[in-house]
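Here are a few friendly notes to read alongside the structure. Please keep the 3D view open and follow each point in turn.

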Amino acid sequence: MAPKRASSSKRKAISDSEDEDTSLTKTSSSKKAKISPPSTSNNVVSSSGQPTNKVLPVHISFPERQQGTVRLATFNVCGLAASQKKGLSFYIAAEDPDILVLTETKVNNEPVDLALKNRFPHCYWAIAEKKGYSGTAILSKHQPISVDRTLPGHPDPASVKGRIITLEFENHYVIGTYVPNAGAELKNLNGKMEWNIHFTKYIRDLDKIKPVIWTGDLNVAPTEIDLCNAKKNWNKTPGYTEAETTAYRNILNPPESEPENEAPRFVDIWRNLHPDDKHFTYFSYRFNCRQKGIGWRLDMFVLSERIIDRVKMCEIRSEIYGASDHCPLTMEIEGPL
């Protein structure tokens, strides 16, 4: 039976800015940031064990990547320009990923940023038709074979613009997405399901050619441990409805009715490595959610099942909050791309 609806004052919208758009094992290494907290911090952590700081730490450093690995990171920046003013560059310098996926960039033109360009010679931007809306980028130190910004088969290409970029490398596809929000009162749920239908086919078709690394803000909390107040939000709040969670689950584990050779399996890597942790990547700016530890896990790395044994680390950078209402997620996988 569906849980009761949450009170409107406490129900969380998936994205304040857009709607308002609003067999790996746990023995894998866990790489945590070395952080000097801001002077206003009391080193408080929430009940889930995540920090509650509301601005970026003063000093940020991370362990060096494991030898022979490629580091990828994804970060919903909730507006690139605003995030840069809040210290985004300090995180990027410390993380120094080979590939950085940015979502909700809200840029209207390709940015002219020499610092980013010097660090990432190959920058690809997907820009929405609506100004100041959505936006996805993949910044890479490695030159891809090809670049695609479309979702094949989708009947409304304009709605896809700014939400997907696919880079093809020699051994993998890397897909960065800012998946559509189901919207306030689920008014865009049908549109999101249209996206899910075509994206499911797309990722399966790519997997037939070579393994896929899919990342970004997927705008879904897959299970009840991926958000706070799950019962109150069920089938009422965008990102945690039966339609959305089922669509995501069917990508990972296709229904038995589908022929196995046409339905590859995918793995949510962070959840695979942290099966019991209730950690989040999004904390609304409203209602003091960060301090209260009220969040959602919306940002993921999803990989073709056949390459998951090459993943050496996947961590939420929980301390990196303040440049956005999201925290970044990073992963290391044995290379080459």
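1. Why does the distance between the end C-alpha atoms of helix H6 (residues 189–207) agree with what its 19 residues should span? Do keep in mind that this is a predicted model. At 1.5 Å a residue, the 19 residues of H6 should span 27 Å, and the end C-alpha atoms are 27 Å apart, so the two agree.

2. Stay with H6 for a moment and look at its side chains. Its buried residues include Leu-189, Trp-195, Phe-199, Tyr-202, Ile-203 and Leu-206. Lys-192, Arg-204 and Asp-207 are buried in H6 as well.

3. Now turn to the sheet. Six strands form an open sheet in the order E5-E6-E4-E3-E14-E13, and the pairing is mixed. Strand E5 (122–126) and strand E13 (311–316) are the edges, each pairing on one side only. On average, neighbouring strands are turned by 10° against each other, direction ignored.

4. Next, the partners of E6. E4 pairs with E6 in the antiparallel sense over five bridges, and Val-101 has Ile-138 as its bridge partner. E5 and E6 are also antiparallel, over five bridges, with Trp-125 opposite Ala-137.

5. E13 and strand E14 (residues 329–334) pair in the antiparallel sense over five bridges, and Leu-329 is the bridge partner of Ile-316. Helix H3 (residues 88–95) lies across strand E3 (69–76), strand E4 (99–103) and E14, running at about 165° to E3.

Terms used:
Residues are numbered from 1 along each chain as its sequence is written. This is a predicted model: local features need pLDDT of at least 70, side-chain atom pairs count only at pLDDT 80 or more; totals for chains, interfaces and linings use all residues. Side-chain values use heavy atoms; hydrogens and water are left out. Helices (H or I, at least four residues) and strands (E, at least two) are DSSP runs, numbered from the N terminus. The expected span of a helix is 1.5 Å times one less than its number of residues. Buried means under 20% relative accessible area, exposed over 50%, partly exposed in between (1.4 Å probe, protein chains only). Two strands pair if DSSP finds at least two bridges between them. Axes are lines fitted to C-alpha atoms, for helices over the stretch in contact, and angles run from 0 to 180 degrees between N-to-C directions. Contact means heavy atoms within 4.5 Å.
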